[in-house]
Amino acid sequence: MLRRPRRNRKSEAVRNLVEETSLSVKDLIFPMFLVDGAKKKIAIDSMPGIYRFSIDNMLGEIETCMKLGIQAFDVFPAYSDSLKDPVASESYNPETFYLKALREIKKEFPEVCLMSDVAMDPYSSDGHDGLVKNGKILNDETLEILARMSLAQADAGVDIIGPSDMMDGRVGYIRELLDESGFTDTSIMSYTAKYASAFYGPFRDALDSAPKFGDKKTYQMNPSNSQEALIEGDLDTEEGADFLMVKPALSYLDIIKLLDDNFPLPIAAYNVSGEYSMVKASAERGWIDNDRAMLEILVSIKRAGAKVILTYFAKEYASLVK
Ligand code: PBG
């Protein structure tokens, strides 16, 4: 045998030399959940280790994470039903707690990369990402609401806007409004290939944002399809996106690779709530090793071609490698 691949695995030092993929805390974005009020840190049953914070506690949590080297955060708001309506008006109310919190985070920590979420579901009494009429999700009518919401978030000072709604044409529509309004520096990380997935379950618990009727299959993609991801990638690129995101990550590593092979834009992947909770649930039972599973999952997403990973493991990973 002239070729013995095991020679390159014979010691830790040699293994380190031939290691192809390296993960850094700087690759990660930590998604966090915000609630209104003060002094709140509410556990989420289906996501052990993850909380809903009021802004005062969130600032402290961000500071702790920054000391661990995390530099990017994506904040999602949890609204009570009393503030939801069919047109998501709370999403662009300048006095709403979400926009005030985003502003406060950027004021307190101007150096962080702050990302916000654009979609109607946290504010919608229908629990859908778009405007509902007669049981249908309207596309073009939704764009205007998404654009108003984006403008309000840009005005609050966020660095990156994340349209997670999957309406057609929204990236271009938002880009134009931002540019006209002077927010040419506000980036867009488009949820380019977002699949209609079972793995969002715990997130919908966290935000109490599950659809009130039906499912999201008329706007989120069919898990069977990959060619469509190329169409979405083309559109988002043309429409001015700065990052293309694939979501979820683990069942879609091939899509991450496909987009990375076909587009020069940086690819992001969202290691979603259900992917996190699966690890937590089996680790709690002693069935798998939490830390090893976490490291393997994160490195596999990077190896597939993601430059950026949104993950609920961010803080844990940062503490582990510190
Ligand atoms: C909705 C949105 C979802 C997530 C992020 N934005 C859920 C959905 O589409 O219902 C899921 C994130 C996760 O599961 O971690 N705009």
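1. A definition to start with: two residues are in contact if their C-beta atoms, placed from the backbone, lie within 7 Å. Keep that rule in mind for Glu 232, which is in contact with Thr 192 and Ala 193 once its neighbours within four places in sequence are left aside.

2. A word on what you are looking at. This is a predicted model, in which local features need pLDDT of at least 70 and side-chain atom pairs count only at pLDDT 80 or more, while totals for chains, interfaces and linings use all residues. Residues are numbered from 1 along each chain as its sequence is written.

3. An unreviewed UniProt entry gives it the annotation "binding site"; UniProt positions follow the numbering used here, feature names are shortened, and annotations may be inferred rather than shown by experiment. Glu 232 is found in helix H7, where helices (H or I, at least four residues) and strands (E, at least two) are DSSP runs numbered from the N terminus. Glu 232 counts as buried because 23 C-beta neighbours lie inside 10 Å. The rule is that a residue is buried if 20 or more other C-beta atoms lie within 10 Å of its own, exposed if 12 or fewer, and partly exposed in between, with C-beta atoms placed from the backbone.

4. Now for the "active site" feature, which UniProt (unreviewed entry) places at Lys 194 and Lys 247. They are spread over 54 residues of sequence, yet they cluster in space, with a largest C-alpha distance of 4.8 Å. Lys 194 belongs to strand S9 (residues 187–194), and Lys 247 to strand S10 (residues 243–247).

5. Are these two lysines buried or exposed? Lys 194 is buried, because it has 27 C-beta neighbours inside 10 Å. Lys 247 is buried too, with 25 other C-beta atoms within 10 Å. Beyond four places in sequence, Lys 194 touches Ser 164, Met 166, Gln 220, Met 221 and Lys 247.

6. A cis peptide bond joins Lys 247 and Pro 248, with omega about -10 degrees. Pro 248 is found in the loop between S10 and H8.

7. Next, the helices. H7 (residues 227–238) and H8 (residues 253–262) pack at an angle of about 45 degrees, with their axes 10 Å apart; axes are lines fitted to C-alpha atoms, for helices over the stretch in contact, and angles run from 0 to 180 degrees between N-to-C directions. Ala 229, Leu 230 and Gly 233 of H7 make the contact with Ile 255, Leu 258, Leu 259 and Asn 262 of H8. These residues divide into five nonpolar, two polar and no charged (Ala, Val, Leu, Ile, Met, Phe, Trp, Tyr, Cys and Pro count as nonpolar, Asp, Glu, Lys and Arg as charged, and the others, Gly among them, as polar).

8. H8 also packs with helix H10 (residues 290–304), at an angle of about 30 degrees and with axes 8 Å apart. Here Leu 253, Ile 256 and Lys 257 in H8 meet Ser 300, Ile 301 and Ala 304 in H10.

9. Finally, a backbone detail. Ala 88, in the loop between strand S4 (72–77) and helix H3 (97–108), has a positive phi near 55 degrees, in a residue other than glycine. Asn 134 has a positive phi as well, near 50 degrees.
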